[in-house]
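Please look over the sequence and the model shown here before reading on. The report is meant to be read alongside them.

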Amino acid sequence: MAITLTALLFLIIAAALGAGGVWLAILGGSWYYVIAALAFLVTSILLFRRRSSALLVYALLVIGTLGWAIWEIRFDWWQLAPRGGVIILLALWLLTPWVRGRLTRADAETASLGAAPLWLAVLVALGVAGYSMTQDPLDLPGQLSREAVTTTPDLGGVPNDDWHFYGRSLYGQRYSPLKQITPDNVGKLQVAWTYQTGDVRRSTDVPETTYQVTPLKVRDTLYICTPHNFVIALDAASGKEKWRFDPQVKDNDDRQHQTCRGVSYYADATVAAGQPCAERVYMPTADARLIALDAANGQVCPAFGDKGTIHLETGMPYNPAGYYYSTSPPVIAAGKIIVGGAVNDNYSIHEQSGVIRAFDINTGALVWNWDSGNPDVTTPLPEGQKYTANSPNSWSISSADEKLGLIYVPLGNQTPDQLGAGRSANVEKFSSSIVALDLNTGQMRWVRQTVHHDLWDMDVPSQPSLVDINTASGPVPALVGPTKQGDIYVLDRRSGEPIIPVEEVPAPGGAIEGDHTSPTQPVSGLTFMPRPLQGKDMWGVTLFDQLACRINFLKLRYEGRYTPPSLQGSLIYPGNFGVFNWGGVAVDPERQVMFGMPTYLAFTSRLVPRADVPAPGAGTKGSEQGLNRNEGAPYAVVMGPFVSPLGLPCQTPPWGYVAGADLRTGKIAWKHRNGTVYDSSPLPLPLKVGVPGLGGPIITAGGVAFLGATVDNYLRAYDVTTGKQLWEGRLPAGGQSTPMSYALGDGRQFVVIVAGGHGSINTKAGDYVIAYTLPK
């Protein structure tokens, strides 16, 4: 019975591999699966006949598969395993007494000869597997220089012990000058305190409900916000709550996002210390309000705006609730609070304006507005007039240099993201760019576009980091701008001109009728863009889902980076998840290096003619995945990650790295797999595959970088010089946020991260704020 069932199983496998293999070969892919199917078929026939020569045939399949796999992908365990795992398991089954023993009795003269080659083949394969486990051909070892390039870095004027802005200072460096925690002692970190906000996931929440906040620290107090826009003040030493404010934001399933990345802090020098609202916290809400709170007690500051509130829907061309809101903290600089906003991607062509507005920090009066649809007129919009509909917006975090009088704004794309017909000249100029605006007038000083005629949702997602860089011509005030496509733009922030060269390279053509593509696209000399995918890069847990991925890969249109969306479906790699996203990078202004978390996930994009779009229903408005309706446009789009029938990425791991680069030379010094499948596999195994993440890193002057973000629930510490992981702390929920660091008067350095999970990547939800420090 065992032999009959085994023979039947081999016959089924032969049929599956044969059908899929022929299909793959017709599409121009590898012939291996056809050959393997024939080997399984012959083995099956011989098993039915009880012939021990079945073992010899199967031994040839094992050796042939091993040779083919090494030829394709070298000694990478994570790529060898799906190619040979099932085959080796079946070989071991054939060698059991229940199969081999019965073949021996049926064919005694050739039984021993039949088993020996298979035993040898299995041993060779296991030896190669063992060797490959010790290798990582995709790892890039190396070191960044330990030497400080300057001993007087510009840290933005924030006290060393504090963290006053989202990126610590207006410069967005995500760098702490604290040195108590070092590579030598970071392994001793322990939890100092844990606080739970009480803002937990609700049944009425939209799918992308996320904790992304980075706390601020001013003297003895931390300030945080929650996904439903509670503002909470905590004692920095104990984590005990001082006060909380609930803006009473109502649920609205028309919102695409329910999150808050942070609040903004301001100390008013014109108000005596201790007086009401002498220090303020500003909260942007999911229902398009900007609220000023007394930092001492959380009470609304009535002198600001309309009894403490600015209504951000003012001047918008449309006013459907939930279609415009701010998820990121405003910039406070030069006596102004400057606000951008998020719009719902790909719901409709009738979207709100992407206007950037500057309000007087004390009164809330509108000082200037920069609308990329009408960029030359920045005087306050007259009452009764409207801003330009659907102009490129800024949903991420801006940076500012008060000495130069400039704010640096990362801009997104006009929606629908995948349809470019009919865009105005201003949209073509400003989409997916970094723009520098005058802090006092809002007038544009320069613009640097990172994607021409964006059809891929390649918004500039990250806060630019400002750092002075030593060049052959002397120190230059620079801007470091990470992008979704993997380029790191290192620009002179006075002019927008490249410090590290940017070149235009040819890009694929062939957009749908009525649209076009740019013949070239910019590429920075410092780039983490991946090499183009090939059939051999397709992955799976087994050879079966790997075969399915190979077939789907060849069915899609793919001509490398910037393959335009199509009716047949296009592969977009990197996908709109981004190599870098809102977490950005951290820069060390002393060593002039960066630490980042490049992520690699392919997406698919398939246009759907309006006549074929189903009637509206739940979950079909627009998101990172599924059907995006694009109401009013000739096409909807179906988009999402490129995954196997088992729901795993079709491209081979690693999907996530940590990496370090020198900002003076533009050279990537090291790059290592980051994160495990502990929380995303059926068995909680800490296998270091290299997983994707959403969140950002920080660097400390002690030479340690901290990063959560990954889809496994850990906060990790790394040596900035080599990228070596030094420590990890288990989190009670997903850590899709950016940590921060501060010190108390007794000299203790703390590292804090918010762990609440992320709806889009299905990490565990929670409401935790966790502080770590060294033992006393």
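This is a predicted model: local features need pLDDT of at least 70, side-chain atom pairs count only at pLDDT 80 or more; totals for chains, interfaces and linings use all residues.

## The four-stranded sheet

Four strands form an open sheet in the order E3-E4-E5-E6, and their pairing is antiparallel. The edges are taken by strand E3 (216-218) and strand E6 (241-245), each of which pairs on one side only. Direction ignored, neighbouring strands of this sheet are turned against each other by 20° on average.

Within the sheet, strand E4, covering residues 221-225, and strand E5, covering residues 231-235, are joined in the antiparallel sense over five bridges. In this pairing, Ile224 has Ile232 of E5 standing opposite.

## The largest cavity

Eight cavities of 30 Å³ or more are found in the structure, and the largest of them holds about 130 Å³ of space. Its lining is made up of 18 residues, with Pro329, Ile338, Val339, Gly340 and Ser396 lying nearest the centre.

When the lining of the largest cavity is sorted by class, 10 residues are nonpolar and eight are polar, while no charged residues take part.

## The second largest cavity

The second largest cavity contains about 90 Å³ of space, and 13 residues line this cavity, of which Phe165, Tyr166, Pro330, Val331 and Ile397 lie nearest its centre.

How do the residues of this lining divide into nonpolar, polar and charged? The lining of the second largest cavity has eight nonpolar and five polar residues, and no charged ones.

Terms used: Residues are numbered from 1 along each chain as its sequence is written. Side-chain values use heavy atoms; hydrogens and water are left out. Two strands pair if DSSP finds at least two bridges between them. Helices (H or I, at least four residues) and strands (E, at least two) are DSSP runs, numbered from the N terminus. Axes are lines fitted to C-alpha atoms, for helices over the stretch in contact, and angles run from 0 to 180 degrees between N-to-C directions. On a 1 Å grid over the protein atoms alone, a cavity is a set of points where a 1.4 Å probe fits but cannot get out, and a pocket is an open set with protein on both sides within 12 Å along at least five of seven lines; lining residues have an atom within 4 Å of a point. Grid points are joined across faces, edges and corners, and a volume is the space filled by probe spheres set on the points. Ala, Val, Leu, Ile, Met, Phe, Trp, Tyr, Cys and Pro count as nonpolar, Asp, Glu, Lys and Arg as charged, and the others, Gly among them, as polar.
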